[in-house]
Amino acid sequence: MIKQRTTEQKWHEQSEAAKEEAAKLPYGKLKNQLLQEARQLHTASQISQWLSSPGLQPPT
């Protein structure tokens, strides 16, 4: 049985992969780009999870 991953999980996995790849590189432009991408993916994952949470209520 194939388990479906959510978008948030995919973004989290991509974020972790970018961090791991950046850790292998010396300081420089490419490492900084990978770390920035990792932060953006992590933030997107958290925002998406927050927006889809059942506890989120619209303003009244």
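With a relative accessibility of 51%, W50 counts as exposed (exposed is over 50% relative accessible area, buried is under 20%, and partly exposed falls in between, all with a 1.4 Å probe and protein chains only). W50 sits in helix α2; helices here are DSSP runs of H or I with at least four residues, strands are runs of E with at least two, and numbering goes from the N terminus.

W50 also belongs to a nonpolar surface patch together with I47 and L51, and the three share about 330 Å² of accessible area. For a patch, residues need over 30% relative accessible area and no salt bridge; nonpolar side chains (Val, Leu, Ile, Met, Phe, Trp, Tyr) are joined within 5 Å, and like charges within 9 Å.

## What you're looking at

This is a predicted model, where local features need pLDDT of at least 70 and side-chain atom pairs count only at pLDDT 80 or more, while totals for chains, interfaces and linings use all residues. Residues are numbered from 1 along each chain as its sequence is written, and side-chain values use heavy atoms, leaving out hydrogens and water.

The protein has two helices and zero strands. Of its 60 residues, 15% are buried. Its accessible surface comes to about 5,200 Å², and carbon and sulfur atoms account for 57% of that; such areas come from the Shrake-Rupley method with a 1.4 Å probe, and for residues only the protein chains shown count as cover.

Helix α1 covers residues 7-23, which is 17 residues, and spans 24 Å from first C-alpha to last, close to the expected 24 Å at 1.5 Å a residue. That expected span is 1.5 Å times one less than the number of residues.

Which residues of α1 are buried? They are E8, S15, A18 and A22. Looking down the axis of α1, the buried residues fall within an arc of 85°, so they line one face of the helix; the arc is taken from the directions between the helix axis and the C-beta atoms. On the other side of α1, E20 and A23 are exposed.

What covers the buried residues of α1 includes α2 (29-51), with contact meaning heavy atoms within 4.5 Å. Q49 counts as exposed, at 51% relative accessibility, whereas E8 is buried.

## Salt bridges

How many salt bridges does the structure hold? There are three, each being a side-chain nitrogen of Lys or Arg within 4 Å of a carboxyl oxygen of Asp or Glu. As background, side chains of opposite charge can pair when their charged atoms come close.

One joins E13 and R5 at 2.1 Å, N to O. E13 is partly exposed at 38% relative accessible area, and R5 is partly exposed at 43%.

Another pairs K19 with E16, their closest N and O atoms being 3.0 Å apart. Both K19 and E16 lie in α1, three residues apart, about one turn of the helix. K19 is partly exposed at 36% relative accessibility, and E16 is partly exposed at 29%. K24 and E21 also form a salt bridge, with 3.9 Å between the closest N and O atoms. Here K24 is exposed at 65% relative accessibility, whereas E21 is partly exposed at 38%.
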